[in-house]
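This report goes through selected features of a model, beginning with a sheet and ending with individual residues. Please have the sequence and the structure open while reading.

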Amino acid sequence: MYVAGVDVGSTAVKAVVLLDGRIAGTNVISTGTDQEKTAFQSLSAAAQDAGVVDIEDISAMVATGYGRSMVKMADRTVTEITCHARGGRAFAEAAHVIVDIGGQDSKVIRLDEDGMVADFVMNDKCAAGTGRFLEVMAERLEVPLSDFGKMWRATRKPAMISSTCTVFAESEVVSLLSHGVAREPIIRGLCDAVADRLAGMVHRVGLATEVVMTGGVSRNDGVRLSLERKLGLKVSVPSMSQFAGAYGAAIIALELAEKGR
Amino acid sequence: MGPRGTRSVGNSLQVRAFRRFARKPWCYGAAKQVVDIMERRGWKPYQISAIRCVMDDFRQAYTGERPCIYTTAFVPTELVYGLGAVPFLPEVAAGYAAAFGFAYDALGAAESMWYSADLCSFHRAGVGAGKLGVLPRPSAVIATAHLCDGGKKSLHRMSKDAGCPFYLLDVPYDRSERGQKRLRDQVEHIAFDLPEKVPGISPEGMAEAIRVSNATLDDYLEVCALRQHSPSPWRGGEALNYVVMFLGAWGNPWLAEFYKDLASHIRGIIASGEYPCCSERHRLLWLNLRPYYKTGLLDYLELELETSVAFEEYNWPYWSELDPDDPFASVARKMLANFGWGPIERRLAAVDSMIDDYSIDGVVQFAQWGCRQSNGGASMLADHLKRRGIPFLNLGGDGVDVRNGSEAQAMTRLGAFVELIDAKKAR
């Protein structure tokens, strides 16, 4: 039996198709302006990846993410908080805290023993602590985001970035560059600034020994390294962390399909 | 274009219309006819009573029929009605500005007066509306030291602009007899000092205002009792709109009419079974206020997520019957009874009572941007509710300034909160 989950985020649409409960196909594409169309494209590509002949063969589908209501073909919409909790726990069974950093927001979710959401917090209205903040800084520094981890490790002394407001932080970065500060400490300072905000959120819901990062920014090793130092424990990143929301949605779709049988 | 279709700060159609017509007596005659038509077209009696109550006060305040006294939301209005004046709350005016789409003008005007964007927008928009010239001219200002610091200071500024007397009631933290007497003496001082400064003011109506307030409280307690019914018979999203009545009309006979009509409406809903949210999944307690600009947030919560706001902190009757034979002490006692003032334990106890009385499944605090009185206690409130096993959501946002919140984010938080309660109940 095929089921699917679609996560329509602000930056990317992710789709996961399960065959008998196991991941059989995935896809990720940029969100674009027509969320419904992009969601369909992503789902079709994931279905093709899974070997689904006809999309009608998908027994149940759940949509999540900011654009979830745009996915008219979904059987149900569920918030990304619940989906990341379910997907994160499925990726890492011991997870008790999920840190999800997406393009326009960040969330910290505390799970109970059964893997259900016990508490959650989200970032404030601004871009601080989000993927967009890091993207803007990467553009300013002319460094690909994928190199942040390597450059983080290349220095032991982070530059002080006092603001997490994207505009103010960008002007701080410009000021540091004009004073001849190398890009490595600036990048480490930026990762520390994001991690500072995230660590505060983690402590609000309650620190646990098993912290898992999901969402697009989890692939940025610099933020993970900074967060580990702030929390004083290891933060794990599942290999398919970007798909945690879509995977969680697919797991809920599977439960729906099984109930319907 | 600014948010909500305004053209430029201070020059929107709504602002120009207010400036031009609000002080013309004929305007209220025309408005009365419109309300009569609304009544004939099926508007509910409580809605009509509320509009008439507000219009009546507006007419008297704007046309100068009676002296107008500005107050903060926590000054008992029995004092103002009792002095023969009509109360006007700039914070409530800020809510109207948001609802009628000219908050952007008022906020812009306040910012031009050096008011920082991190001051509560209810105060910023209130003082900005004063600068725009859309508020009635005050004969005096009575502010209170309790709860909002921004309120008393912005009102002080407004009294200076208007050149009218300013009184600050210094409310003590403790509720001892000594504290109550100190506050009573301040109230008495206002009641006897103000008539010497403002024509038309007299303390002679104080006892009557207290009697009216007591009679209204009886009607209101019935409304509160009816709202304990499950499914919820009246939408909290609407109840939060009528906070304006609760904050600004005690001592006005119209308020009793409003609550009588409202009780009758709620009884009718319960009898017919036509609840606003028939398949009520959960019942929430809502702390602080709501966004008053156009938003689908409460509809999303109550209609789409089928989760009722069963009761609201700002509608909780926290005082008991007052003594008309000692009206000054009564006003003092009412102020001191406010659970938001003093140690956080007072607010926690009030929240506990509301949770028990209204069979609450979860608590949402609308964390108004810049509101110290509620946000300052958020941590202890969260801990307290956690100990009780009641899910809690601190929902950041702004009641007046649309720029201080993201509706999509707020909806996600509410959606996730409802899913959390779903999961908790399923276990």
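## Two paired strands

In this predicted model, strands S3(B) and S4(B) run parallel and are joined by 4 bridges. Within this pairing, B:Ile142 has B:Tyr167 in S4(B) as its bridge partner. Helix H9 of chain B, residues 177–197, packs on the sheet and touches both S3 and S4 of chain B, and the direction of this helix makes about 165° with that of S4(B).

## The sheet as a whole

The pair belongs to an open sheet of 4 strands in chain B, arranged in the order S2-S1-S3-S4 with parallel pairing. Strand S2 (86–88) and strand S4 (166–169) of chain B stand at the edges, and because each has a single partner strand, one side of each is left without a neighbour in the sheet. On average, and with direction ignored, neighbouring strands of this sheet are turned by 25° against each other.

## Backbone geometry in the loops

Most residues other than glycine have a negative phi, and most peptide bonds are trans.

B:Leu147, which is not a glycine, has a positive phi of about 75°, and its place is in the loop between strand S3 (140–144) and helix H8 (149–162) of chain B.

B:Glu306 counts as partly exposed because it has 15 C-beta neighbours inside 10 Å.

## A residue in helix H18

B:Arg388 lies in helix H18 of chain B, which covers residues 378–388. With 13 C-beta neighbours inside 10 Å, B:Arg388 counts as partly exposed, because a residue is classed as exposed if it has 12 or fewer. From C-alpha to C-alpha, B:Arg388 and B:Asp352 are 9.2 Å apart in space, while in sequence they are 36 residues apart.

Note on methods. Residues numbered from 1 in each chain as written. Chains lettered and ligands numbered in written order. Predicted model: local features only at pLDDT ≥ 70, side-chain atom pairs only at ≥ 80, totals over all residues. Buried ≥ 20, exposed ≤ 12 C-beta atoms within 10 Å, placed from the backbone. Pairing = 2+ DSSP bridges. Axes fitted to C-alpha atoms, helices over the stretch in contact; angles between N-to-C directions. Contact = placed C-beta atoms within 7 Å.
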